[in-house]
Amino acid sequence: MVERDGTDWTGPGGYRWRPPRPPLPQPAAQRRLITEGCAEILRMSDRAEGLVTEAADRLHALVGEGRLEGFGSVVLDYDHHSLTVYWKGTLPDQIEDLLHELRRQVAIHVHEALYSSNELSEEVHRINRLDLPGLGLTSVGPMRDCSGLRVTVGTRDDLARASREIRSRMRMEFAVEPPGQWIPTGHHRRATAGAPDARHTQR
């Protein structure tokens, strides 16, 4: 068969003929292509994480500048390129406007917080000032969804004592977490799916 451009695709004996495939890149070239591809994926991931972090920074800055009541926390989810905002009460207009702007680049979810960041911080400070000699408190901090406090201790004996002696108007979760394993619970909190410590109590 002869194509319109004059190319004869039929070999001797009537067999169809096709030009040979181009040779595959050498192993070193293949490795370079794979490396460049991985680097581009990493660059895209870094850019996405940068947008998420920048959005959280801007939101936190506006809360601080306006001294706005009701702010709970911001949880960063880099895997899904999103933020979850916890707020007690009605969102102020300036926060609504900023979230509308940020949603052009980052997915943002807003949930009602049971307690504000200020309320949680005050209760954390109160518990840290309690006279509990010999009790090995590892950390006291707000739960990610601002529904209460998480208190961690160093041993199981401390766990029983802490759950018995520490009282609060807020819901509290007690867990065993040796020193050096605690992750700070500031406004920049990465969402995690890790299984909770099985040795914990909650009320």
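The model is predicted: local features need pLDDT of at least 70, side-chain atom pairs count only at pLDDT 80 or more, and totals for chains, interfaces and linings use all residues. Residues are numbered from 1 along each chain as its sequence is written, and side-chain values use heavy atoms, with hydrogens and water left out.

**Exercise 1.** State how many helices and strands the chain has, and their order.

Solution. Helices (H or I, at least four residues) and strands (E, at least two) are DSSP runs, numbered from the N terminus. The chain has four helices and eight strands. Along the sequence they follow α-β-β-α-β-α-β-β-α-β-β-β.

**Exercise 2.** Check the span of helix α3, residues 117-128.

Solution. The expected span is 1.5 Å times one less than the number of residues. For the twelve residues of α3 this gives 16 Å, and the end C-alpha atoms are 16 Å apart, so the two agree.

**Exercise 3.** Find which residues of α3 are buried and what covers them.

Solution. Buried means under 20% relative accessible area, with a 1.4 Å probe and protein chains only. L120, E123, V124 and I127 are buried in α3. They lie on the same side of α3, because they cover an arc of only 105° around the axis, taken from the directions from the axis to the C-beta atoms. Their cover includes β4 (137-142), β5 (148-153) and β6 (171-176).

**Exercise 4.** Is S139 buried or exposed?

Solution. S139 belongs to strand β4. Its relative accessibility is 8%, so S139 counts as buried.

Conventions:
Buried < 20%, exposed > 50% of the residue type's maximum accessible area, 1.4 Å probe, protein only. Contact = heavy atoms within 4.5 Å.
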